[in-house]
Each structure stands twice: as structure tokens, then as C-alpha cells.
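Biologist: I'm new to this one. Can you put it up and walk me through it?

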Amino acid sequence: MKLLKTGVALLSAVLMASTVSVADHEVNLPEKTSVVKKAKKPVVDLVEPAFWWAGMKSSTVMLTVHGENIAAAKATIEGEGISIKAVNSLDNPNYVFIDLDIKDAKAGSYPITFTEGKKKTVYNFELKARNSETKAQGLNQSDVMYLIMPDRFVNGNPDNDSQESLVQKADRSDRGGRHGGDIAGVTSKLDYLNDLGVTTVWLTPFLENNQPGWSYHGYAITDFYHADARHGSNAEYKNMVTQAHSKDMKVVMDLVFNHIGNGHLWMKDLPSEDWIHQWEEFTKTNYKGEALSDPNASDYDKKIMSNGWFDGHMPDLNQDNPYLAKYLMQASVWWIEYAGIDGIRMDTYPYNKKEMMSEWVSYVLNEYPDFYIVGETWLPGATWESYWKAGGKNNDGFVTTLKSISDFPVWDAVNRTWRNDWSITEIYKTLTEDFLYDDASQNKIFLDNHDVDRAFGVFKKDVENMKLATAFLLTTRGIPQIFYGTEILMSKGGDHGDLREDFPGGWEGDKRDAFTEAGRSEEENDYFNYMRTILQWRRSSDAIENGKLKHWVPFNEVYAYARYSDKQTVFVVLNNNKEDQTFDVKRFEEVLKGKTSGKDIISGKTITFDGKMTIPAKTAYIIELK
Ligand SMILES: [Ca+2]
Ligand SMILES: [Ca+2]
């Protein structure tokens, strides 16, 4: 509440100042304002994006220019093939939005001159040549994402842990504080990750979060165009992407359009009153995404869901404002072209203006047709999830373009199965709901993530169940995601700071280095190798990459399914029973097709099943049919 009032107060101050300075500058002016305004050259202290590229499919780019009373200046541009289509300003004269037509412009520098009276300020706007290293290659089912909270993974550069210009300093003893992990740390572990067998790294947001507290997780962005200096620089991020690509790995960037951190410039100097959702008193979202697809929902609930703030320090952006919407969309394309990333994970997807999000996805795919975008759609069932996923039919007319959703229903089913020893039928049942999706193969699937208790802890540290869950995750339909530290059985939950604990060995002086075999316990190595075996195998499995899923009703806690393509059939059997199980294989004939043996890729052994199959208690078989 306090923060919001501050925001409103600041806004009022801005509006008053502008009214005085523009319309009434002769009368009763504070001395500073009058003197400065008349004498100074036009002030340009921020242009976003700072540069762009020639030869993009979209023929326009909008520059957001900030500077005291910049709206009073006239903007002109020089250069062939480039022109100013429009200069717009809102209620705060400290911002102008310049629409440039760049359709016929070549790479080069184009001076933009801001003129007020006889005074001029020039900004050299650059159109770069397209980045030949940009892959924007997207993800498919052969990929596995490894989710890293960079502050908590590896401290590759202890010198950047605290920064003079950034308010929160490093304090590793504070579990909610900054610990010093960074982009350099992630880059230094790409070989480790490649050896583990994951193909893709997803870092929680690395953009600046200049916030007094809780800045480590990155979801309170205060600068859309710069890496947080405590994580490293833009160049270091770009280098990480290049390094990943050189190892045949991919990178997914995490972005937030729904809200910002209240340390953002916009909250000190709001571009317009409607830039954020303002409320009479502090109003939190109701976190009820279901309301948005509910034909019976009240307008009141839908409005609170969409326009309420995610948290007190996270002002909710109003994407009805077309300048803001354009700003956000462009920032994402800027990062794709600049750093060459392959996908974006969009935070709090349903909390945004949904039509704008569909437009955003289309805008990105127009530039980069193979690009991967997954929305965080944390909803309690496939019925609600499917509302957000492209290809479905929504009877309220909402057309969504999002291809990949976060498959929380699968996460929930896995939890129900192994948290309380429920039946593996929970998983089977959840997947029977795939008819709600046009294609579930793009769904992001996971056992846990940075917002929920770690799976191993949820499973009461039962390694057999953890292995069954892992075998399932890495062979069912969808694109798996693994949370960092899962491979060494990190297990904490409850407090966010705990489940996001530091990876042992990521900091100099750590008691052990769990990135090495010697630094892991016997149990950790056993699980690590189990996961690694499946990960390394699945990278080149045609049935995993391109195959369909076919599954059978579980009996006696034995769940069987096949992944099958034209080139390969993989038969998976999960025995969740505490006893060995022997069963007739006749009912699987439509995929076995008379075959009586195959290789279990986990144990490396040949499994024969002439008529009957026996599988040990609490065991997974992943059988490549011969
Ligand atoms: Ca560091
Ligand atoms: Ca919102």
C-alpha cells in the first residue's frame, strides 16, 4: 500500500511539474526548473532500444526516449531509407515514443536530432547488420531443459557479487539474499551439463533487479535491456549463448511482462498514469487464473486477477497502453537477435493482457518461425491449461498462439503418486486428458521447479520412487525440465531460499564439490548415473524426438507405455509395486508386434518377454525393441 501511494505521489509530482514547465513557465516557478528548462540543450538520458537491426521482417521500430521535458523538443532523423513515422508523447513530457520506418534502411548510424529553440542534442541510432550467430532454433522433445537460478548455482566471478550502483549487497548467510552466483558460473559448467545430458539451459531472469530485498530471483526487473551487474554483463550472457551453441546446446531466456520491480525508472517517473494498474488501495491479484477462462466468472474477479499486483514491490504493467505493449514486445526480440537465444519462458503468462500476449507470440514467430515460447501457466488442471495453448477452441472466441504451456497437471499427478503412495494410475489418468490439447508434445513437463518443493523431498527421500519418476519424466510426451541440483538429490522445500539453496561446489571454499564424482555420495552418484544414462540415451532417440505416446491402463501398479515413430519403438514399463510383477504381454501386441526381446537402456541388459514379462519391484524398464 505504501509503495503504491508513493507511486501515485510521484506521478502527481511529475504531472504538476510538467504542467508548470510547459504551459505556465513564466509564473511561480521553482527556481531550479525555470533556469534549467530555458538554458539547457534537450536532455536525452535513455533511448530504448539503444540500437536495432536492419533487415528485420517488421518494418518499424519504436524508440522510447527519456529526458527531462523531452516532449518539448522536435525530433528529426537523417539517413537513407529511414524516416520518422510519428512522435508520440503521453501525459509525462519526460518521455517520447518515436516510430521509425526502417523498411529500406541498411546497417549504419542514423543521427536523431532533438531540437528545442536553437539548442540541439544528437543521438546516434545504430542499425546493426543481422546477427549471424542467432539461431532461434526452438526446442523439441529430444531436448531437456536444466533450470538454473544463477545466483544459487556457481559463483564464477566473486568480484561482481556486490555493486556500488545496486542496492542489495551479497550476503551468503541470508537464505533470501544474494549469494553471488552468476552467468560466468553457468558458462563454466556447460561441459558438466553437456556431460550430464541436458541439452538446454534456462536461467531465471538475469536482467537487473535493483531492489532492496529479494533481488536474487530476478522476477522484479528494473531494466529490460541490461543484465544485472551482479550476474554479469550483456556480453557475458551473449558469450554464454555462443558457448552453449558451440556444444550443441540451447538457451532459454526467462522474461516477465506482467510486472516490474518498483525500483524501475518507470516508478520514479511514470510515462503515463495508465502505465501501471493503479488502485485506490493496494490490491493484490487473486491468483485465480481459472477465472479468465470461466464463462461464469464475474468481471470483478477477472479484473483483480489481471490487474491486481503480484506483490507489493511488483507493480502490475498495463498492457492496454499500446506504447508499453510495443516496448515489451520489442525488448524480447532485441534479446533474441542480440544474444541468439533459442527460446523464452514467459513468467506469469495468464496475468498479462491475454490478447496482447497472443500478439506478442505471433510477432516473435513472424521474425523467428522456429522459436520456442513456453508460458508459465500454473493452473490446476488440463481443462484450464488448454485454454492458453494454441490449437484449442475456446468458445469465448479467445485465440491463443502459445504453443507450449507449463504442464502443472503432470507435475501434480507425479506428486500425488509419490508424495503419499497413491496409485500410479494418477499419472495415467492425467495423460488421458491430452485430448484437450491439439498436441501435447510441446508441453513443458517437470517433477519440480524453483517455486515448489523439491521432488526428492516430496517423495520422502525415497530413491526408488525418485528413479521411477525420473524414468517417467524423461520418456513420456513433452519437453522435460530438470531443476538444478536434482541430479544430486537436493531435497529441500518449504522456504524458497531453501529450495533454491546453493549448489555445493559452486563457491570457492565449499565443503565439497558435487560437480565431481568424488564430491558426491554413493547414493548421489547412483542417482546421478541413472539420470545421466537416460538423458544421454534420449538425445538421439527418434521415438523420443518424434514418436507418439500410447499407454495402457495400469494393473497392480504396473504402468506401461510406448513411444513409437517410423524408425523406433521404445516400450516403457514402470513397476510401482513393492513386489516383483509378472504379467502377460498380449495386450501390448499392437506395439510389440511379435517381438519378444529388447534392450533396457538403463541396465543395458536384454529383456525377454516371450508371452510373459517379469519386472522387479520398484523398477523402470526403458526397452528399445529389437
Ligand atoms: Ca559473482
Ligand atoms: Ca497483470
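Biologist: How many bridges join strand S21 to strand S26?
Modeller: Six bridges join S21 (residues 569–575) to S26 (residues 619–625), and the two run antiparallel. Strands here are DSSP E runs of at least two residues, helices are H or I runs of at least four, and both are numbered from the N terminus. Two strands pair if DSSP finds at least two bridges between them. Leu574 stands opposite Ala620 in S26.

Biologist: Before we go on, what sort of model is it?
Modeller: This is a predicted model: local features need pLDDT of at least 70, side-chain atom pairs count only at pLDDT 80 or more, and totals for chains, interfaces and linings use all residues. Residues are numbered from 1 along each chain as its sequence is written, chains are lettered from A and ligands numbered from 1 in the order in which they are written, and side-chain values use heavy atoms, leaving out hydrogens and water.

Biologist: Back to the sheet. What is the strand order?
Modeller: S19-S20-S21-S26-S23-S24, an open sheet of six strands with antiparallel pairing.

Biologist: Which strands stand at the edges?
Modeller: S19 (548–551) and S24 (606–608) do. Each has a single partner strand, so one side of each is left without a neighbour in the sheet.

Biologist: New topic. Is S3 mostly covered or uncovered?
Modeller: Covered: seven of the seven residues in S3 (residues 60–66) are buried. Buried means under 20% relative accessible area, exposed over 50%, and partly exposed in between, with a 1.4 Å probe and protein chains only.

Biologist: Which residues point which way from S3?
Modeller: Thr60, Met62, Thr64 and His66 point one way. Val61, Leu63 and Val65 point the other way.

Biologist: And what pairs with S3?
Modeller: S1 (residues 46–48) joins S3 through three bridges, antiparallel. Glu48 stands opposite Thr64 there. S6 (residues 95–101) also pairs with S3 in the antiparallel sense, over seven bridges.

Biologist: What about the largest nonpolar core?
Modeller: That core has 169 residues, and Trp52, Tyr146, Tyr237 and Trp360 touch the most other members. A nonpolar core is a set of buried Ala, Val, Leu, Ile, Met, Phe, Trp, Tyr and Cys residues joined through side-chain atoms within 4.5 Å. Helix H8 (residues 322–339) gives the largest share of this core, 13 residues.

Biologist: What does Trp52 contact?
Modeller: Leaving aside neighbours within four places in sequence, Trp52 is in contact (heavy atoms within 4.5 Å) with residues including Val61, Phe125, Val333 and Trp334.
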